[in-house]
Amino acid sequence: MGDAAREENLCVSRAAASSGLLWRSWEDDLYIVHQASSAETHVFNGPTAAILRLLDDRPLALDNLKTHVEEALGAQRGDLAEADFYFAVHRLDELGLIECVQAADDVR
Amino acid sequence: MDSATRRAQQLLLDAINQPADLVRLSVADWELLVRVGRRARLLGRIEADLAQRGLLHAIPTGAAQHLQAARQVITHRQTLITWEVNRILWALAGSATPLILLKGSGYLLARLPPARGRVFADVDLLVSEEKIGEIEEQLVGHGWFKTEMDPYDDRYYRVWMHEIPPLRHSERGTEIDLHHRLLPRTSRLPSNPELLLAAAQPLADPRLRVLAPPDMVLHALVHLFLEGDPDEGLRLRDLLDVHDLLCHFAQQTDFWAGLVARAGALGFRRPLFYGLRYAQRLFATPVPTSVVQQLAPAAPPRPLLALMDRLIPLALLPEHPDRPRGRATLARWLIYIRAHWLRMPPGLLTRHLSHKAWLRLRGVRKRVDLAQLDLRQQ
Amino acid sequence: MIIGDLARQDVAQRLAGDGLGIRFGPFNIRIRSELASFAALAHQLYAPYPIPGEADFNDFHVRLARPRGLRRWWRRQVCFAVDGQSPFAPYSVEHAFPALEWGINWCVATRSHHLLMLHSAVVERQGKAMLFPAWPGHGKSTLCTALIHSDWRLLSDEFGLVHPTDGSVLPIPRLIPLKNESIDVIRRFRSEAVIGPSFYGTRKGTVAHVRPPLDSIRRADEPARPRWLVFPRWLAGAPLSLTRMPKSQAFLMVATNSFNYEVLDATAFSLVADMVDACDCYSLCYSDLDEAIRALGELADADQA
């Protein structure tokens, strides 16, 4: 889910393999997450954790998702660097936690 | 054979064949069973059989802890293998090439009986030979890398073998073996990958397949008899796979007739003859008399059969851990060399064995050297 | 019955026969060896350890054996073997004792997945455990040895054995292998410490084994609750510093300093997370042992108040 995904503005959702995640976080803005499907433990920063949590209820188009993440973090619109956002999305896709549903245009 | 070894082997076979009776074992018997069971990689199987009958609490705590430890490793490995297949499908999104899961990963994803309590090392895939380069490239583009090997081994793989050098994921470390046939190109036994690919059966995800029942049994036999290891000999665990598959598929009508016919078509009648013979002897596998009769002509000449009847059980069954015997070690070597003989023409075999011996002399050791490893990295 | 109840000849006889049984915390080990030098050392250093009963389950059968093949004729060597398999290259005969000690650790580390095994020293005071997860070379063994000769009980120098059902830490008070300079540091620190002979030129340099105080060995079936996670580092000339560490960092340090965190899947995640929750987490940098021990003692005293 790289540049092509950005251009097509895909819609992403939580993947089936992301069910049963165990979360822990302490005083800092780091989230330690256990993924049962892969037996892996991940460390996510605030934005990455926010992406996952925002997708809990429903799929979102990528540009929409970015705005929601900024809101959730109490940041201004556009504060989250594009590169960081797409890196997190790409990484979550690689880890099997999220997946493309279809192009956002089809959803609308 | 000394009585201690006979006792150890009988304990192991009884544990597999009559798990309900395990509750009657003494602590000393359990101790010996855990030791030989670990050696034969069957602790997980024993645990699964007891758990299924709700008997784990009826055995000595010390033994139960070792079984629990074995189950923990198995559960973990099953998660890793299932996940690796999930990620392979992700990496190959858009490709229509069917992937045939072989051996452990096939049993696991097709939910077949041999998966119960079994340790899985890698993901073994069979794909048609012309697609193999494309698949290798796609995987390498998605986080896997080609494992480094010395030029001899790489050439050995690519030129002579039935698979390409394993691919390993850069983060997860799990290995994928991509096969394009079941036997090395050099093998004296034929193998027809096209027939296998055509008969393979789809799983829930249509891109994943497993071999058709007769082919799966024949492949398990090929793996048992031809992929030995000079230290381990033949793996009892692999013969147990064959037994489990036979018992399971025998419920399908026409399975046996299909199996015998397929063995003929693929040129595997001799391995099938051996496999049924020793599965019957060790696990009392129910094989129809008519099948035994049909395979009788595939038996080797009498003196060879008499020799095999001595060597194969020696190579299959673990020794008593405190009383290693020279005979069993010799049997393992003989079977290994025989397996290589079937896989390779004799000239090449000599080259391969001498190359391996040379490597050993040059200090390439299989054993872990403590000095280079801290405990936690074991 | 303890090993010290046996005469030295009995120890040698058992070792050469069906094996000498010995209990290290939750594990019963059966040791075989025909080396006279090993029997003498085992009798001395293992004296306070219990002998399992006839009806007890032996977890590991280990052996010091002559290597097979030609090597045995031109070099005096021993192999560590477990269940008839030798996982390591042979050792010189002089290093038989450290090889066996190391081999037993290897058996525990590679086979005991019914427990979560952290790579950590663990000491206890008033039922509360202080864990020192650390990489080798950070002075974990030295600090641990000094503490257990200063009012702390030894649970383990190498293994934080965490029980999966209740998160308590199980003792496994084995001998502590000190390396190189640490041996003299401890001799100077407590002259009464029982230290075995020095083995020179092992794969880890000079090694000598400290026998834990008798109280630690006798109370090997008393678990403790994790209360502190301390990540130590010895640095020549450094002033003492004991500072709070973020818990997420502590989590990662514990999980990565573990023998089988991965193997235990979600169980391990929850156990480590609960441990980090329950513990105050510190990083400790020190050069003076007395200072470090005083600071850690104050932590424990403050927790009383």
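**Figure 1. Pairing of strands β2 and β3 in chain C.** I31(C) stands opposite V62(C), a residue of β3(C). In this predicted model, strand β2 (residues 27-33) and strand β3 (residues 60-65) of chain C run parallel and are joined by 5 bridges. These strands belong to an open sheet of 5 strands with mixed pairing, ordered β1-β2-β3-β4-β5 (chain C). The edges of the sheet are formed by β1 (20-24) and β5 (91-92) of chain C; each has a single partner strand, so one side of each is left without a neighbour in the sheet. Strands of a sheet pair through backbone hydrogen bonds, in either a parallel or an antiparallel manner.

**Figure 2. Overall form of chain C.** Chain C contains 10 helices and 17 strands. The C-alpha trace of chain C spans about 60 × 40 × 35 Å along its principal axes. A compact globule of 305 residues would have a radius of gyration near 19 Å, and the value for chain C, 19 Å, therefore agrees with that expectation. Of the 305 residues in chain C, 52% are buried. Among contacts in chain C with a separation of 6 or more, 71% are between residues 24 or more positions apart.

**Figure 3. Burial of strand β6 in chain C.** Strand β6 (residues 116-125) of chain C is mostly covered, with 10 of its 10 residues buried. The cover extends to both faces of β6(C). On one side lie the buried residues L116(C), L118(C), S120(C), V122(C) and E124(C).

**Figure 4. Strands paired with β6 of chain C.** Strand β7 (residues 128-133) of chain C runs antiparallel to β6(C) and is joined to it by 6 bridges. Within this pair, R125(C) has K128(C) of β7(C) as its bridge partner. The two strands, β6(C) and β7(C), form a hairpin with 2 residues between them. In the turn, Q126(C) has a positive phi of about 50 degrees. Strand β9 (residues 159-162) of chain C is also antiparallel to β6(C), with 4 bridges between them; here L118(C) is the bridge partner of G160(C) in β9(C). Strand β8 (residues 153-156) of chain C is likewise antiparallel to β6(C) and is joined to it by 3 bridges. In that pair, E124(C) has R153(C) of β8(C) as its bridge partner.

**Figure 5. The two sides of helix α10 in chain C.** Helix α10 (residues 289-304) of chain C has 16 residues, which at 1.5 Å a residue should span 22 Å; its end C-alpha atoms are 23 Å apart, in agreement with that span. The buried residues of α10(C) are L289(C), A292(C) and L296(C). These residues cover an arc of only 75 degrees around the axis and therefore lie on the same side of α10(C). An α-helix has 3.6 residues a turn, so residues three or four places apart point the same way. Among the elements that cover the buried residues of α10(C) are β7, α5 (140-148), α6 (181-189), β15 (225-234) and β17 (280-286) of chain C. The face turned away from the buried side of α10(C) carries the exposed residues D290(C), R294(C), E298(C), D301(C), A302(C) and Q304(C).

**Figure 6. Surroundings of K179 in chain C.** K179(C) is placed in strand β11 (residues 176-179) of chain C. K179(C) counts as partly exposed because it has 16 C-beta neighbours inside 10 Å, whereas a buried residue would require 20 or more. Apart from its neighbours within four places in sequence, K179(C) is in contact with K204(C), G205(C), T206(C) and V207(C). Between K179(C) and A47(C), the separation is 132 residues in sequence and 22 Å in space, C-alpha to C-alpha.

Figure 7. The contact between chains C and B takes 27 residues from chain C and 29 residues from chain B. On the side of chain C that touches chain B, helix α4 (residues 96-111) of chain C gives the most, with 6 residues. By class, this side of chain C comprises 12 nonpolar, 10 polar and 5 charged residues. Chain B also meets chain A, where 8 residues of chain B are in contact with 6 residues of chain A. The side of chain B that touches chain A has 3 nonpolar, 4 polar and 1 charged residues.

Note on methods: Residues numbered from 1 in each chain as written. Chains lettered and ligands numbered in written order. Predicted model: local features only at pLDDT ≥ 70, side-chain atom pairs only at ≥ 80, totals over all residues. Contact = placed C-beta atoms within 7 Å. Nonpolar A, V, L, I, M, F, W, Y, C, P; charged D, E, K, R; others polar. Buried ≥ 20, exposed ≤ 12 C-beta atoms within 10 Å, placed from the backbone. Pairing = 2+ DSSP bridges. Expected span 1.5 Å × (residues − 1). Arc of directions from axis to C-beta. Rg over C-alpha atoms; globule rule 2.2 N^0.38 Å.
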